[in-house]
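Okay, thanks for coming, everyone. Let me put the sequence and the structure up on the screen, and then I'll walk you through them.

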Amino acid sequence: MTDLNSRYGMNPPHSEVVDACQHIQPCDVLDMGCSNGRNALYLSQLGFNVTAVDSNANAIRALQSIVAQEDIGNLEPRVYDINRAELDAEYGFIACTVTLMFLDPDRVEAVLADMQAHTLPSGYNLIVCAMDTAAHPCPISFPFTLHEGQLRTIFEGWDILKYNEDLGIMHNGAQLQFATMLARKPA
């Protein structure tokens, strides 16, 4: 597999996306908040049919350019405001890594409900989001952060395959607590 991420000067795919792909067979996948496409490119190379969305039109144009240059047939980058919570297709896998904390806090509940509604039965949701807790106050003033146990509660009734609220380090070196969850929708 060609390492398109390094060829185009991107970080490697998120470690949780790589880990999730050990359990999830290629299917229709949505990369929510794809930014420059590091996860989308990786998923497409594994054989997933990828829809990659972000509100940043420049990032989407750059990813579209890579798709054209590399003649990638299974990756569709699209400008989409995630705050709208109006997905128009169903997916076997939705990855939303380090994205929720940049959304309008008043829309996060609707975004998560929309993700759940547009996940196929037995499909997966992967979420990684910053937290703000008493033990580890968030050092970055994100518009939205999760509280202890909040993500698990939102996905009650789903099969939680992985869940933790561990300390992690952002790419800029900031240390903060993240909620990480891989959940499968009931059949």
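This is a predicted model: local features need pLDDT of at least 70, side-chain atom pairs count only at pLDDT 80 or more; totals for chains, interfaces and linings use all residues.

Residues are numbered from 1 along each chain as its sequence is written, and side-chain values use heavy atoms, with hydrogens and water left out.

Helix H5 itself covers residues 108-117, and its buried residues are Val-108, Val-111, Leu-112, Asp-114, Met-115 and Gln-116. When I say buried, I mean under 20% relative accessible area; exposed is over 50%, and partly exposed is in between, using a 1.4 Å probe and protein chains only. Helices (H or I, at least four residues) and strands (E, at least two) are DSSP runs, numbered from the N terminus.

Zooming out now. The protein chain has six helices and seven strands, and along the sequence they follow the pattern α-α-β-α-β-α-β-β-α-β-α-β-β. The C-alpha trace spans about 50 × 40 × 30 Å along its principal axes. How does the radius of gyration of the protein chain compare with that of a compact globule? For 187 residues, such a globule would come out near 16 Å, and the chain has 16 Å, so the two agree. That radius is taken over C-alpha atoms, and the globule rule is 2.2 Å times the number of residues to the power 0.38.

Buried residues make up 50% of the 187. As for contacts (heavy atoms within 4.5 Å), take those between residues at least 6 apart in sequence: 64% of them join residues at least 24 apart.

Okay, charges. Lys and Arg count as positive and Asp and Glu as negative, with His and the chain ends not counted. The place of a charge is NZ of Lys, CZ of Arg, CG of Asp or CD of Glu. On that basis there are 10 positive and 23 negative charges, and their mean positions are 3 Å apart.

How many salt bridges does the structure hold? Seven, where a salt bridge is a side-chain nitrogen of Lys or Arg within 4 Å of a carboxyl oxygen of Asp or Glu.

Let me show you some of them. Lys-162 and Glu-16 meet through their side chains at 2.8 Å, N to O. That pair links distant parts of the chain, with Lys-162 in strand E6 (residues 159-169) and Glu-16 in helix H2 (residues 15-20), 146 residues apart. Lys-162 counts as partly exposed because its relative accessibility is 27%, while Glu-16 is buried at 13%. Leaving aside neighbours within four places in sequence, Glu-16 is in contact with Leu-126, Val-128, Lys-162 and Thr-180. There's a network here as well: salt bridges link Glu-16, Asp-19 and Lys-162.

Next pair: Arg-184 and Asp-159, also a side-chain salt bridge, at 2.8 Å, N to O. Arg-184 lies in strand E7 (residues 175-184) and Asp-159 in strand E6, so this pair ties together parts that are 25 residues apart in sequence. Arg-184 is partly exposed at 28%, and Asp-159 is partly exposed at 35%.

Then there's Glu-86 with Arg-84, where the closest N and O atoms are 3.0 Å apart. Glu-86 is partly exposed at 47%, and Arg-84 is partly exposed at 42%.

Last stop, two loop residues. Is Glu-148 buried or exposed? Exposed, because its relative accessibility is 57%. Glu-148 sits in the loop between strand E5 (119-130) and helix H6 (150-154). Beyond its neighbours within four places in sequence, Glu-148 touches Met-131, Thr-133 and Glu-165.

Pro-26 is in the loop between H2 and E1, and at 45% relative accessibility Pro-26 counts as partly exposed. With the neighbours within four places left out again, Pro-26 is in contact with Leu-46, Gly-47 and Phe-48. That's the tour, thanks.
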